[in-house]
Amino acid sequence: MEYISPEKNPYFKDCSAVVEAEGFKLVELQVVPQHGAVRVSAVIASKDPSKDIGVSDCAKAHRALQPKLIALLHKSEDDVSMEVCSPGMERNFKNAAEFSVFTGREVRVWDKTVSDWVRGIIKSSDTEQVTLELEAGGEKSVAYNDIAKAKFIHL
């Protein structure tokens, strides 16, 4: 799994600040030009790992983000199509940078060094690895290079 800093997205920092002011975390932001218009897709998560995101949360973030994106993109409201959603119950992590967003959530990672799933709560992460608090006690750090896949545990 690769670590790609969200800061590489030119709009992420500004949009993240807007979402944080509303009480959420910005997980993912895609800005795609389409025939003179722009399609925006944003994924938000709760700051509290024990809480899920609902439709009203997405609507709140949408209302806050839309004016900011219109200003950043120098477009009119009619030229920006935007979707805001939750990460979903069984999200597959797309970028290792997401581990820091989901600290405190229970996940499982496929560790290539043991050819098996490692299950635990995200305790910490940096640009090289994630540290999980294991169910049986103790911790395990897994380098991103050794992770084939990671996803939420939601039963």
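I count a charge as over a ring if NZ of Lys or CZ of Arg is within 6 Å of the ring centre and within 35 degrees of the ring normal. Arg105 lies over the face of Phe152, at 4.0 Å from the ring centre.

The model is predicted: local features need pLDDT of at least 70, side-chain atom pairs count only at pLDDT 80 or more, and totals for chains, interfaces and linings use all residues. Residues are numbered from 1 along each chain as its sequence is written, and side-chain values use heavy atoms, with hydrogens and water left out.

I next looked up the aromatic pairs and found seven in the structure. Rings of Phe, Tyr and Trp (its six-membered ring) pair if their centres lie within 6.5 Å; planes under 30 degrees apart count as stacked, over 60 as edge-to-face and the rest as tilted. The pair of Phe93 and Phe152 is edge-to-face, because the ring centres are 5.6 Å apart and the planes stand at 80°. This pair links distant parts of the chain, 59 residues apart: Phe93 is in the loop between strand 3 (80-85) and helix 3, and Phe152 is in strand 8 (residues 147-152). Helices (H or I, at least four residues) and strands (E, at least two) are DSSP runs, numbered from the N terminus. Both Phe93 and Phe152 are buried, that is, under 20% relative accessible area with a 1.4 Å probe, protein chains only. I noted one aromatic cluster formed by Tyr3, Phe93, Phe99, Phe102, Tyr144 and Phe152.

The largest pocket holds about 340 Å³ of space. Of its 17 lining residues, Ile4, Ser5, Pro6, Val27 and Asn95 are the closest to its centre. A pocket is an open set of points on a 1 Å grid over the protein atoms alone, where a 1.4 Å probe fits, with protein on both sides within 12 Å along at least five of seven lines; lining residues have an atom within 4 Å of a point. Strand 1 (24-34) and helix 3 (98-101) each supply at least two lining residues, and strand 1 gives the most, with four. By class, this lining has nine nonpolar, four polar and four charged residues.

The second largest pocket holds about 190 Å³. I found 19 residues lining this pocket, with Lys51, Asp52, Ile53, Pro87 and Arg105 the closest to its centre. Strand 2 (residues 37-46) provides the largest share of its lining, three residues.

Key:
Grid points are joined across faces, edges and corners, and a volume is the space filled by probe spheres set on the points. Ala, Val, Leu, Ile, Met, Phe, Trp, Tyr, Cys and Pro count as nonpolar, Asp, Glu, Lys and Arg as charged, and the others, Gly among them, as polar. Buried means under 20% relative accessible area, exposed over 50%, partly exposed in between (1.4 Å probe, protein chains only).
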